[in-house]
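This report covers ring pairs, the contact between domains, backbone angles and salt bridges. The chain is shown first.

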Amino acid sequence: MRLSLRLGLGVAVLAALSACADGPSSSSGGDPDARDTLQLAVPSAVIAPKEEVATYAVGDAEGYLAAEKLKVDVINTDGSVAAVQAVASNSADIAPADAGAILAAREKGVPVKAIGGLVRNWPWRMAVRPGSEVRSPADLKGKKIGVISLASGSAIYARAYASDAGLDAAGDVDLLPVGVGAQALAALENGKVDVLALYTQAYTTIENTGTDLRYLDNSDAFDGIRSLTYVVTEKTLKEKKDVLTRYLRASYKALLFSAVNPEAAMRDGYQAFPQLLTGKKADDRIADDTRTLEAWIRTAVPATGEPGNFEDWGAISDAEWDKTVAYTRTAGQITEDVSLPELWDGSLLGGANDFDPADVIAKAKAAG
């Protein structure tokens, strides 16, 4: 893996955060009908057809959260670093955040733990317009790369990609924040940037407008690196293991439902997040939004096999963690290897996988 970058993102602010205060969760106490409340931080400023739909919205609409006696409140943050900060400062109980942001916080002494995987297939790609002179990774020298923000996994990926191509990621490429969607596309079309570094779901949103893109290859160096991963504080993990287990179970059931019937999942998304409709009727948006959601779902479920055979939801192997740590270190987010026992606690996954997938699949198929 030829990644030599040593310039990291500014995450020192995380060092000042701690989990010393009580988190925002509330306990149901002795009331058998009451629900435990969790605050979920979404690692993006804008709601979109991705994890917040496939896990939270479906979990809410299809009754998986209610069955677990959970009430989940959603807050938006400006990327994974901010989502980890929200968890670390007790503004949120749990967040799906980029594994690199979790590692960076852990290295700074912030007591956070990864407790379950979400995105298992590397989601980041480099894209250019079809007629671009950029045809290989080496052609990025002297070019401007559009990233979501300088605090996102997009920037980390762009630097690592350039370094893997044998370039000096600090001097051979420039990173410019362009956001996603129409804003990112405009930056590419007007020449503000030469290439985009986004995740697959964001590209589908652009392609839904009729825009053609050409993708650069990722090298084998990026295979097996983990992305979005559920993170909590050590304190929350210790005090709310049962609540977190129930949330993970509802989340993975919702993800399986979404994989089987993404259109029904998208309609659940409209119910939870009406702003997704942008003033239009659901039937006018459903085709494009379902394609976008499907692109995200493909990053979160096994690359092969059928939904009925999907298993071990949330599992992350030691080999995957080793490669993720190496990538994060080489990309400059961390300076030393992070101990796996300090970083990862998979003890909740047995309970999180304690459900009958056939029931979920049948419900998803019956949704039409």
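## Aromatic pairs

There are 16 aromatic pairs in the structure, a pair being two rings of Phe, Tyr or Trp (its six-membered ring) with centres within 6.5 Å, called stacked if the planes are under 30 degrees apart, edge-to-face if over 60 and tilted for the rest. The ring centres of Trp124 and Tyr157 are 6.2 Å apart with planes at 25°, so this pair is stacked. Trp124 belongs to strand S5 (residues 124-128) and Tyr157 to helix H5 (residues 153-164), so the pair ties together parts that are 33 residues apart in sequence. Helices (H or I, at least four residues) and strands (E, at least two) are DSSP runs, numbered from the N terminus. Trp124 is buried at 6% relative accessibility, and Tyr157 is buried at 0%; buried means under 20% relative accessible area, exposed over 50% and partly exposed in between (1.4 Å probe, protein chains only).

Phe310 and Trp313 have ring centres 6.1 Å apart and planes at 80°, so they are edge-to-face. Phe310 is buried with a relative accessibility of 10%, as is Trp313 with 3%. One aromatic cluster is formed by Trp122, Trp124, Tyr157, Tyr161, Tyr199, Phe222 and Tyr327.

## Basis of the model

The model is predicted: local features need pLDDT of at least 70 and side-chain atom pairs count only at pLDDT 80 or more, while totals for chains, interfaces and linings use all residues. Residues are numbered from 1 along each chain as its sequence is written, and side-chain values use heavy atoms, with hydrogens and water left out.

## Domain contact

Domain 1 (36-121 + 225-366) and domain 2 (124-222) divide the chain, with bounds that come from an automatic or database domain assignment. Their C-alpha centres lie 25 Å apart. Domain 1 brings 17 residues to the contact and domain 2 brings 14 residues, where contact means heavy atoms within 4.5 Å. Between them the two domains bury about 1,300 Å², with 53% of it on carbon and sulfur atoms; buried area is the accessible area (1.4 Å probe) that two parts lose on being put together, summed over both. Of the area that domain 1 buries against domain 2, 30% is supplied by Ile225, Thr292 and Tyr327, more than by any other three residues.

H11 gives the most, with six residues.

## Thr299 in H11

Thr299 is located in helix H11 and is buried at a relative accessible area of 6%. A polar atom of its side chain lies 2.6 Å from the backbone oxygen of Trp296. Leaving aside residues up to four places away in sequence, Thr299 touches Val119, Arg120, Asn121, Pro123 and Thr200.

Most residues other than glycine have a negative phi. Asn90 has a positive phi near 70° and lies in the loop between helix H3 (80-88) and strand S3 (95-98). Asn90 is buried at 10% relative accessibility. Asp312, also not a glycine, has a positive phi of about 55° and sits in the loop between H11 and H12.

In H3, seven of the nine residues are buried, including Val81, Val84 and Val87. The buried residues of H3 pack against elements including strand S1 (36-42), strand S2 (70-76) and helix H4 (99-107).

## Salt bridges

The structure has 19 salt bridges, each a side-chain nitrogen of Lys or Arg within 4 Å of a carboxyl oxygen of Asp or Glu. Lys50 and Glu51 form one at 3.2 Å, N to O, and both are buried. Arg106 and Glu234 form another at 2.8 Å, N to O. Arg106 is in helix H4 and Glu234 in helix H8 (residues 234-239), so the pair ties together parts that are 128 residues apart in sequence. Arg106 is buried at 14% relative accessibility, whereas Glu234 is partly exposed at 32%.

Conventions:
A polar contact is a pair of N or O atoms within 3.5 Å; within protein, one must be able to donate a hydrogen and the other to accept it, and residues adjacent in sequence count only if both atoms are side-chain atoms.
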